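I'll jot things down in the order I look them up.

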Amino acid sequence: MKSYKIAVMRGDGIGPEIIEEGLKVLDAVSERENFELDWIEYPHGAEHYLETGELLGEDTFKELGRCAAIYFGCIGDPRLEPGVLEQGILLALRFYFDQYVNLRPVKLLEGVRTPLAGKRPEDIDISVVRENTEDFYIGIGGRAKGNEKKSEVLEIVRNLYQVKFNLDVETDADELAYQIGVVTREGCERVMRFAFELARANGKTKVTSVDKANVLTHSYGFWREVFNDVAKDYPEIETEFNFVDAICMWFVKNPEWYQVVVAPNMFGDIITDLGAMIQGGLGLAPGGNINPDGVSMFEPIHGSAPKYKGKNVSNPIATIWAGAMLLENVGEKHASESVINAIEEVLKEGKVRTYDLGGSSKTSEVGDAIVAIIKSES
Ligand code: IPM
Ligand code: MN
C-alpha cells in the first residue's frame with residue numbers, strides 16, 4: 001500500500017482541535033482509497049517555546065525535509081510579543097522550504113451563504129496565488145535616531161539568491177524606522193509562471209496581476225514588468241493589472257470577474273482575508289504554501305483564536321479543506337476531491353454547522369459528519 005509520511009504541527013489556540021478533525025477526515029478517505037497516512041506530530045508552538053525556549057531547530061527542519069508534506073494548524077499566543085512565533089515558526093518554515101507559492105482558493109461552496117447578496121457558487125471561484133517569500137516579508141529593516149549616524153549591513157540569504165544592503169542613515173528626525181521590501185526577477189517569475197500554469201491546467205482564460213505600481217513604482221513597477229515578460233509565454237491567456245485597493249472593491253462588487261489572481265506577498269495576505277469573507281468567512285478559507293519541487297505545507301488561513309481554545313466550537317472546515325489540498329499535492333487527487341465533495345454535502349445539508357455559520361454544532365461534530373459522508377460513499 002502507498003504510504004505518505006506527513007508532519008503535523010497543530011500549533012496554538014484552536015490549532016489542536018481543528019487539526020484533530022482534519023486527521024479524522026483524511027484518515028477516513030485514505031482508508032477508503034487504499035493509501036496510508038503516517039502522521040508525525042511536532043509540538044512546536046507557543047507552549048513548547050515557553051517551556052523549552054525552542055522555536056524551530058535545525059534538526060527539526062531536517063526531519064521535516066524528509067516528509068511528503070506538512071499539515072499545519074495555526075500559531076499565535078497572547079503571552080508572547082507579536083511576531084515571535086510568526087517569524088520563528090511560520091515564516092521560518094515558508095522560507096526554509098522555499099514555499100514560494102501561497103495558493104489560496106476563494107471559492108463559494110454549495111450550501112454557504114455569502115454576505116454578497118445574490119452571488120452563487122459559480123460567481124465566486126478565484127485562485128489567489130500569493131508570492132510567499134519576498135516583498136516586505138523578508139524581515140529586514142531597522143531604526144535610526146536624529147543626529148546619530150548609522151551604518152549597517154542588512155542581508156538576505158536564500159537558496160535562490162543573496163542580497164546585501166550597505167546602509168548609511170543620516171537624519172534629523174527624532175526617530176525613524178524603515179522596512180525594506182525586495183522583489184527579484186527570479187522570485188516574481190517563478191510565482192507568475194505557477195499562476196499561468198495553474199490557469200492553463202484548469203482551463204481558465206484570464207490571469208489578473210495585483211500591484212500598486214502607481215505609488216511603489218520601484219518594486220511593483222518591476223513586478224509589472226516581469227509579469228508582462230512572463231505573460232508572453234502564455235499568449236492564449238488574457239491578462240490585466242489591478243491596483244490592490246481597486247481589487248478590494250471589485251472582489252466585493254464583481255467577484256465573478258476573477259479567475260486566477262497573482263499578487264505580491266503583502267497584498268496577497270490582505271486580499272485573501274477579504275476573499276475569505278466573500279467565500280463565507282475565515283472558518284472556510286484554506287491555503288497551501290507550495291514548493292512545486294520540495295516540501296509543501298497546508299494550513300487554514302485563519303489564526304489561533306486563543307479565545308476559543310479547547311471549547312470545541314471552531315469551524316474545522318478550513319483545516320479539512322487544507323487537508324484536501326495536501327492530498328492533491330501528494331498525488332491523491334481523487335481522495336482530495338472526495339473530501340471537498342463531502343464538505344459541500346455537509347454544508348448543503350445544513351444540519352451540522354458551527355456558530356460562525358449560524359449553527360451550534362461542535363467542531364468534532366463537523367468532522368464526524370464529513371467522515372460519515374466519506375464512509376457512506378465507499
Ligand atoms: C497568513 C498570516 C501570516 C502572514 C502571519 C501569521 C505571519 O496572516 O498566513 O496570512 O501574514 O502571512
Ligand atoms: Mn493573513
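**Entry 1: what I'm looking at.** This is a predicted model, so I'm keeping that in mind throughout.

**Entry 2: the neighbours of ligand 1.** Which residues surround ligand 1? I listed Glu86, Leu90, Arg94, Arg104, Arg130, Tyr137 and Asp269. Sorted by class, that shell has five charged residues, two nonpolar ones and no polar ones. I also checked which element gives the most to the shell, and helix α4 (residues 84-96) came out on top with three residues.

**Entry 3: polar contacts.** I went through the side chains that reach oxygen atoms of ligand 1. For Tyr137, a polar side-chain atom sits 2.5 Å from a ligand oxygen. For Arg130, a side-chain N or O atom is 2.7 Å from an oxygen of ligand 1. For Arg104, I noted 2.8 Å between a polar side-chain atom and a ligand oxygen. How much of ligand 1 does the protein bury? On its own the ligand exposes 320 Å², and the protein buries 77% of that.

**Entry 4: the pocket.** I looked up the space that ligand 1 takes, and it is the second largest pocket.

**Entry 5: Met325.** I found Met325 in helix α9, which covers residues 317-330. Is Met325 buried or exposed? It counts as buried, because its relative accessibility is 12% and the cut-off for buried is under 20%. I then checked Met325 against Gly288: they are 37 residues apart along the chain, yet their C-alpha atoms are separated by 6.8 Å.

Methods:
Residues are numbered from 1 along each chain as its sequence is written. Chains are lettered from A and ligands numbered from 1 in the order in which they are written. This is a predicted model: local features need pLDDT of at least 70, side-chain atom pairs count only at pLDDT 80 or more; totals for chains, interfaces and linings use all residues. Side-chain values use heavy atoms; hydrogens and water are left out. A residue is near a molecule or strand if one of its heavy atoms lies within 4 Å of it. A polar contact is a pair of N or O atoms within 3.5 Å; within protein, one must be able to donate a hydrogen and the other to accept it, and residues adjacent in sequence count only if both atoms are side-chain atoms. Accessible areas come from the Shrake-Rupley method with a 1.4 Å probe; for residues, only the protein chains shown count as cover. On a 1 Å grid over the protein atoms alone, a cavity is a set of points where a 1.4 Å probe fits but cannot get out, and a pocket is an open set with protein on both sides within 12 Å along at least five of seven lines; lining residues have an atom within 4 Å of a point. A molecule sits in a cavity or pocket if more than half of its atoms lie within 2 Å of its grid points. Helices (H or I, at least four residues) and strands (E, at least two) are DSSP runs, numbered from the N terminus. Ala, Val, Leu, Ile, Met, Phe, Trp, Tyr, Cys and Pro count as nonpolar, Asp, Glu, Lys and Arg as charged, and the others, Gly among them, as polar. Buried means under 20% relative accessible area, exposed over 50%, partly exposed in between (1.4 Å probe, protein chains only).
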